[in-house]
Amino acid sequence: SRHLDTFFMVQRSTGRVLWSCGRLGSLKMLDRQGRDVTGLFWHAHAVTRVSPDEYLLFDNNFHANLSGVSPSFSRLVRVRIDPGRGTAQEVWSWAGTPGQHFSLYHGDADV
């Protein structure tokens, strides 16, 4: 899912995708203020469920870095999923010092 910029909730017993979050996802993405956005993360991975409706992930921030944002930075992002409303909202993020905390393709977000 890293190259799709999307992660999925799959029902184990049937293999059915219940929802997907990200660039190719089924959920509407919202920033911290509740505004519609086209993306919450870019080439993220290491998705960890931290509560029944929240996920922590490592965001390489790949596309933002390719678009000329300088210096480059990666970050940790916490996303709240509300399947009933059909939304995924960023609720927290941490980005270290730009230029010092950047990983083009590695990284992890441990709880």
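Which pattern does the chain follow, read along the sequence? Colour by secondary structure and trace β-β-β-β-β-α-β-β. That makes 1 helix and 7 strands. Keep in mind that this is a predicted model.

**Whole chain.** Show the surface. The chain exposes about 6,400 Å², and carbon and sulfur atoms supply 52% of that area. Of its 111 residues, 35% count as buried. Now turn to contacts with a separation of 6 or more: residues 24 or more positions apart account for 44% of them.

**First stop: Phe7 and Phe41.** The structure holds 4 aromatic pairs. Select Phe7 and Phe41: their ring centres are 6.0 Å apart and their planes stand at 35 degrees, so this pair is tilted. Phe7 sits in strand β1, while Phe41 sits in the loop between β3 (28–30) and β4 (44–51), so the pair ties together parts 34 residues apart in sequence. Phe7 is buried at 6% relative accessible area. Phe41 is buried too, at 4%.

**Next: Tyr55.** Tyr55 belongs to strand β5 (residues 54–59), and the pair links it to Phe7 in strand β1, 48 residues away. Both Phe7 and Tyr55 are buried.

**Last stop: the surface.** Select Leu4, Phe8, Val10, Val17 and Leu24. They form a nonpolar surface patch with about 410 Å² of accessible area together. Zoom in on Leu4, in the segment before β1 (6–10). Leu4 counts as partly exposed, at 37% relative accessibility.

Note on methods. Residues are numbered from 1 along each chain as its sequence is written. This is a predicted model: local features need pLDDT of at least 70, side-chain atom pairs count only at pLDDT 80 or more; totals for chains, interfaces and linings use all residues. Side-chain values use heavy atoms; hydrogens and water are left out. Helices (H or I, at least four residues) and strands (E, at least two) are DSSP runs, numbered from the N terminus. Buried means under 20% relative accessible area, exposed over 50%, partly exposed in between (1.4 Å probe, protein chains only). Contact means heavy atoms within 4.5 Å. Accessible areas come from the Shrake-Rupley method with a 1.4 Å probe; for residues, only the protein chains shown count as cover. Patches are made of residues with over 30% relative accessible area and no salt bridge: like charges are joined within 9 Å, nonpolar side chains (Val, Leu, Ile, Met, Phe, Trp, Tyr) within 5 Å. A salt bridge is a side-chain nitrogen of Lys or Arg within 4 Å of a carboxyl oxygen of Asp or Glu. Rings of Phe, Tyr and Trp (its six-membered ring) pair if their centres lie within 6.5 Å; planes under 30 degrees apart count as stacked, over 60 as edge-to-face and the rest as tilted.
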